[in-house]
Amino acid sequence: MEKIPILRMGQFLLVTIQVDMHDRLAMALQEDLTTRISETAARGVLIDISSLEIVDSFIGRMLGNIAAMSRILDAQTVVVGMQPAVAITLVELGMSLPGVRTALNVDAGMELLKLSLNGHRANGHVSRR
Amino acid sequence: MSKGVQNPKTGVLATVLSKDESSVLAEWIKEMAGATRRTDLMNDSELRTQCSKFLKLLREGAESGSSDVQTASWQPVRELLTEISRSRAQRGFTPTETATFVLSVKKPLFELLRDHVGSDANSVAAELWSTTELIDSLGLFTVEMHLKTREEVIRRQQEEMLELSTPVVKLWNGILALPIIGTLDSARTQVVMETLLENIVKTNSRVAIIDITGVPTVDTVVAQHLLKTVTAARLMGADCIISGVRPQIAQTIVHLGINLLDVTTKATLADAFALALDRAGLSLEHALKTA
């Protein structure tokens, strides 16, 4: 069975979704990720969905769930690289993912995670100062 | 209603036309000299060409024996009428004026038919009826084509307006502005949202300013569309600022009970731009000093 790799980068975990998500894969990712967070004591999770082109309400809910679960395990979640079509679909489905932080790309997402780890109040914006 | 059967009646029409085409033409043009002529929109020689072409094709259609204008033998006549109504619709002829072009041929035709058939009332009536049926269906076809042309023009203009109305402007590195002019409906929101999101990806912008100075009224539907766009941009990792909120619009929004608390709003585009610069870590004073 295919599996989504979870890479460790220092205090953060990097998840790159490069295949079409189906429900079982999403459940497996949720399972793996929570296990890895508690194993590695990660402080942040970065989910890159730039290659994800099709999304349904289940995947949307799963993203929200992963963010909520990570927060309970004391890790921030940032979803990066969402495609315009995916964003429109999620909005039309009525899912605004209120608990999920977002960034344009992996770079911006990493910056956001580092800032929040340093205890700065970064309300979803990254300052370049 | 394809009759398909040979109609002997159109045979008489064909004979009349082949014999007296020129006199029908002269009578017809005289007939059209009345109110529906519109010399301001079309000159005499062009009208004469159109008329003689039509009579020639009408004769050929009548010679084929079929009286159903939807059949293949009437194809050339239909094509000519399509062309005529199209050009007239574009020049600004009314549907009545366009239809009268075809319908006014009745009088000269009927006179000729009466002369040709003779005094037998029954056959004259039968002949007139079949001809009137034929000309009427051609007239209806002309009106239909006229309307279709107009609808095409309207549709094209709508598309052009849709394209014109969604320019995404880059104000600074990482700062986009989207001035919206006119009322937001679902179709426009879709286009606005798509262009904005695509440009956010293309220019890697973290802040997008939606300026609604040109939106005349904001009701619940428009507000909902705006919120959707803001949410979609947030999902992609960009911040949206709504600017150009006029006092009346602020009042309306509150009276309607729309919750814009999660969205940053500014009164003017300048304020929004200053905030965007601040978020990007740039300051305006610095820019002014170096300038």
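This note goes through a predicted model, its chain A, the contact between chains A and B, and a sheet in chain B.

1. Ground rules. Residues are numbered from 1 along each chain as its sequence is written, and chains are lettered from A in the order in which they are written. In this predicted model, local features need pLDDT of at least 70 and side-chain atom pairs pLDDT 80 or more, while totals for chains, interfaces and linings use all residues.

2. Chain A. Four helices and five strands make up its elements (DSSP runs, H or I of at least four residues for helices, E of at least two for strands, numbered from the N terminus). Their order from the N terminus is β-β-α-β-α-β-α-β-α. Of its 129 residues, 40% are buried (20 or more other C-beta atoms within 10 Å of the residue's own, C-beta atoms being placed from the backbone).

3. The contact between the chains. Chain A gives 18 residues and chain B gives 19 residues (contact: C-beta atoms, placed from the backbone, within 7 Å). On the chain A side, helix H3 (84-92) and strand E5 (101-103) each supply at least two residues. H3(A) has the largest share, five residues.

4. The sheet of chain B. Five strands form an open sheet in the order E1-E2-E3-E4-E5, with mixed pairing (strands pair if DSSP finds at least two bridges between them). Strands E1 (169-172) and E5 (264-265) of chain B are the edges, each pairing on one side only.

5. E3 (residues 207-214) and E4 (residues 239-243) of chain B run parallel over five bridges. Val207(B) stands opposite Asp239(B) in E4(B).

Note on methods: Contact = placed C-beta atoms within 7 Å. Buried ≥ 20, exposed ≤ 12 C-beta atoms within 10 Å, placed from the backbone.
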